[in-house]
Amino acid sequence: MKQIRTSVFVALALFTITALAVKVGDQAPDFTGADSHGQTHKLSDYKGKFVVLEWHNNGCPFTKKHYESGNMQRLQKEWTDKGVVWFTVISSAPGAQGYVTADQENEYMQKMHAAPTAALLDPKGEIGHLYGAKTTPHMFIINPQGQLIYNGAIDDKSTSDPADITGAKNYVSEALQEAKAGQPVAVATTRPYGCSVKYAD
Amino acid sequence: MNSGALKTITRTMAALLLTLCGSSSAYPQAAKAQHAHLSLISEQTSAASGTAQWMGLRFQLDPGWHIYWSNPGDSGEPPKVAWHLPGGFQAGDLQFPAPHRIADHGLTDYGYEGDVILLSKLTVPAGATSNKGEIGAAEIGADVRYLVCREVCVPGKDHVSLSLATGQNEKLSPRAELIRGAQARLPQPLPSHVYISATVRPEQMLITVSGTTTGMGQIIDFIPSDAQVIENSVRPLIFVDGAVSHIRVKKSEQLDHSPARLRGLLITSTKAYNVDVPVTPAKKTSQNASVPKHS
């Protein structure tokens, strides 16, 4: 039997990962960002508090699912009332879906009764790339010691259908409840779902 | 006039109207227009008692727009269907053809562009024919929810239906050819005498394909069936050593444990094959040391 010994190396276009995603248990990378009221926020200034990061795009059907139903605003209100710092982060590039000026974002938040601590405008995608934010929404939770304790989806129903909010297991609320009670976070990493974050290409 | 011609005219008029309106902004059109034309087709025009046949949910997509595979990849959502069937009829789970990779702002999704048909097996109960042998009709309806994307995503909701004749023998539909084409594009079981195994290392998983692989075509890709098992944006490295092929995929950075099984599609130059193998830890002495590493 003839065996033609071929060592064919089929290396297809190898994509390099531009940013390593932050892993649960890691120290959350520090950042400084400007909010829609022109105020600057530095993550490390919030040591001692839980911080939630919520990636946002007001035109994305998955974001709309959680805003038009009032689900996201309910979460923002509930957890900021309990002392949690909540940053909505907008990493859409100018011209891309979800990009907003400060005035447009303030108008949107007022209309939607959104209640985050602040909406950070990240048109260059710096904070987004730093955290490896993939989708809208994509949720991160940082504990008072500055460690990442949750990275992933908002809940366990990865659809754009608002009807799926009822009965969904909300990972963010569960993680915050557990961490605030001094317990380990049972589900700390999940696959984020939604639209791609519309970074500048 | 048949409904197909009518739809074509309606669509042409809609396109003309959009052109006449002359809106230069892509976004408002994206929100209004549907970007996908859905229809329900079947293998037969009849629903003969005690038979089974394929139905096809056909998506004809506007250029550049896509829908998603059952594992959408890093973003997106697969289509979902709720069937409305006469008593005793059953529709099987949607069967998806092998998808393509779709690059999306640094992410990788799995889906389809152009003209795609998702299949479902329709089972007709033995009593579908009325005992008088009358000719009737079985109405098959489907409520479909889907996400169609091109830079932006638009959720779609549609009702499609089909009327099949009952009380008749089986009769091929003019759409049977399309259904056969869709069947041919479904992933297939691996040929017998092809062996596949998977091992896991801290950062990668290695799939080894050996045995009688002639006729399978050249292996060009591996696409995972489960979300969050491998890094979608890192193309597999494929190393062919004689009759043995090694496929190195990068484990998901978000995976905190090794999966018990690796499920996915082995894509070759000619076909797609279903793979479902247990994952075992890599042995220390391995011939695979020569396989180039991901940089």
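In helix α5 of chain A (residues 171-180), the buried positions are A:Tyr171, A:Val172, A:Ala175 and A:Leu176. Because these buried residues fall within an arc of 125° when α5(A) is viewed down its axis, they line one face of the helix; the arc is that of the directions from the helix axis to the C-beta atoms. Here a residue is buried if 20 or more other C-beta atoms lie within 10 Å of its own, exposed if 12 or fewer, and partly exposed in between, with C-beta atoms placed from the backbone. The cover over the buried residues of α5(A) includes β4 (51-55), α2 (71-81), β8 (139-142) and β9 (148-152) of chain A. After α5(A) comes A:Gly182, with a positive phi near 75°.

The model is a predicted one, in which local features need pLDDT of at least 70 and side-chain atom pairs count only at pLDDT 80 or more, while totals for chains, interfaces and linings use all residues. Residues are numbered from 1 along each chain as its sequence is written, and chains are lettered from A and ligands numbered from 1 in the order in which they are written.

Chain A contains five helices and ten strands, taken as DSSP runs (helices H or I, at least four residues; strands E, at least two) numbered from the N terminus. Of its 201 residues, 43% count as buried. Among contacts (C-beta atoms, placed from the backbone, within 7 Å) between residues at least 6 apart in sequence, 76% join residues at least 24 apart.

The average pLDDT (the predictor's confidence in each residue, from 0 to 100) of chain A is 91, and 90% of the residues score at least 70. Over residues 1-19 of chain A, however, the pLDDT is below 50, and this stretch has 24 contacts in the model beyond near neighbours in sequence. Where pLDDT is low, predicted coordinates should not be read in detail.

Terms used. Two residues are in contact if their C-beta atoms, placed from the backbone, lie within 7 Å.
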